[in-house]
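Dear colleague,

Please find below the sequence and structure that I am handing over to you. My notes on what was found follow.

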Amino acid sequence: MGTQAPTQPLLTPYKLGKFDLSHRVVLAPLTRQRSYGNVPQPHAILYYSQRTSKGGLLITEATGVSDTAQGYPDTPGIWTKEQVEAWKPIVDAVHAKGGVFFCQIWHVGRVSNSGFQPNGQAPISSTDKPLTPQLRSNGIDVAEFTPPRQLRTDEIRQIVDDFRLAARNAMEAGFDGVELHGAHGYLIDQFLKDQVNDRTDQYGGSLENRCRFALEIVEAVVNEIGADKVGIRLSPFANYMESGDSNPKELGLYLVNS
């Protein structure tokens with residue numbers, strides 16, 4: 001009997017919804033902070049195309065859905081025509097090498113300060129509880145956060161719509177789909193986690209209420225571009241940016257089953 005060559009699971013094909021991936025190595029979202037003026041730059045064409053393989057999946061660095069979504073210097077957005085046009089050659093370069101390209105769309109919520117916000121306003125969140133200063137990943141710089149403003153109930157529909165329009169813009173730019181950033185203490189996670197969400201309206205309190213915002217965004221984006229083009233990143237067990245939950249297992253299971 002001949003010996004069978006060992007298989008390498010990472011290099012075996014995988015069917016992700018309608019996408020036929022040739023292997024299971026995925027480029028994760030990596031915050032690059034090179035999008036000056038929140039506009040993707042031409043050098044990103046080289047960056048992403050270098051990391052593309054035929055049938056490989058790439059997910060962009062987190063990309064803001066609106067002018068209130070920013071919390072880090074020089075991160076890209078996808079809410080303006082200029083941003084959409086700037087993404088197009090980057091997407092084209094990935095597709096030219098046979099890659100599958102998803103845009104991760106996010107809103108940082110309270111992980112921001114007034115310097116990143118239009119007209120110097122307070123960041124928006126599920127809460128008005130402030131974040132304590134955090135040491136940046138370089139181990140040197142300290143990030144300071146402006147106390148957030150709790151969104152009124154009647155304002156939440158607009159934020160959901162910002163995600164919907166960002167997804168529509170991602171399709172206009174040529175992306176294959178979007179990943180909603182629902183993890184790591186950013187805006188969606190601020191609604192999900194009971195350490196942060198202290199609302200008394202239909203978006204706070206019970207597990208179902210805390211998950212309502214995330215699920216409304218999923219529904220709006222799915223209705224806009226199709227369920228086969230939408231994913232969501234979740235981190236129920238993480239407490240990054242002071243966003244922990246008292247029952248992360250229940251939270252995670254509820255979301256994936258909804």
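Which residues does Phe-163 touch, not counting residues up to four places away in sequence? Please note that this is a predicted model. In it, Phe-163 touches Val-65, Ile-105, Trp-106, His-107, Leu-180, Ile-188, Ile-217 and Val-221.

Phe-163 also belongs to the largest nonpolar core, which has 46 residues. Together with Tyr-48, Ile-78, Ile-105, Phe-175, Phe-213 and Val-221, Phe-163 is among the members that touch the most other members. At least two residues of this core come from each of H1, H2, strand E6 (100-106), helix H3 (156-173), strand E11 (177-182), helix H4 (187-192), helix H5 (207-225) and helix H6 (248-257). The most is given by H3, with 9 residues. A second, separate core has 10 residues, including Tyr-72, Leu-131, Tyr-186 and Met-241. As background, nonpolar side chains tend to be buried together in soluble globular proteins.

I turn next to one pair of helices. The axes of helix H1 (residues 43-50) and helix H2 (residues 81-96) come within 8 Å and cross at roughly 25°. Angles under 35 degrees count as roughly parallel, and H1 and H2 are therefore roughly parallel to each other. Their crossing is right-handed. On the H1 side, Ala-44, Ile-45, Tyr-48 and Ser-49 take part in the meeting, while H2 contributes Trp-87, Pro-89, Ile-90, Ala-93 and Val-94. By class, this contact of H1 with H2 has 8 nonpolar residues, 1 polar residue and no charged residues.

Yours sincerely

How values were computed
Residues are numbered from 1 along each chain as its sequence is written. This is a predicted model: local features need pLDDT of at least 70, side-chain atom pairs count only at pLDDT 80 or more; totals for chains, interfaces and linings use all residues. Side-chain values use heavy atoms; hydrogens and water are left out. Axes are lines fitted to C-alpha atoms, for helices over the stretch in contact, and angles run from 0 to 180 degrees between N-to-C directions. Helices (H or I, at least four residues) and strands (E, at least two) are DSSP runs, numbered from the N terminus. Angles under 35 degrees count as roughly parallel, over 145 as roughly antiparallel, 65 to 115 as roughly perpendicular and the rest as oblique. A crossing is left-handed if the near helix is turned anticlockwise from the far one by less than a right angle, and right-handed if clockwise. Contact means heavy atoms within 4.5 Å. Ala, Val, Leu, Ile, Met, Phe, Trp, Tyr, Cys and Pro count as nonpolar, Asp, Glu, Lys and Arg as charged, and the others, Gly among them, as polar. A nonpolar core is a set of buried Ala, Val, Leu, Ile, Met, Phe, Trp, Tyr and Cys residues joined through side-chain atoms within 4.5 Å. Buried means under 20% relative accessible area, exposed over 50%, partly exposed in between (1.4 Å probe, protein chains only).
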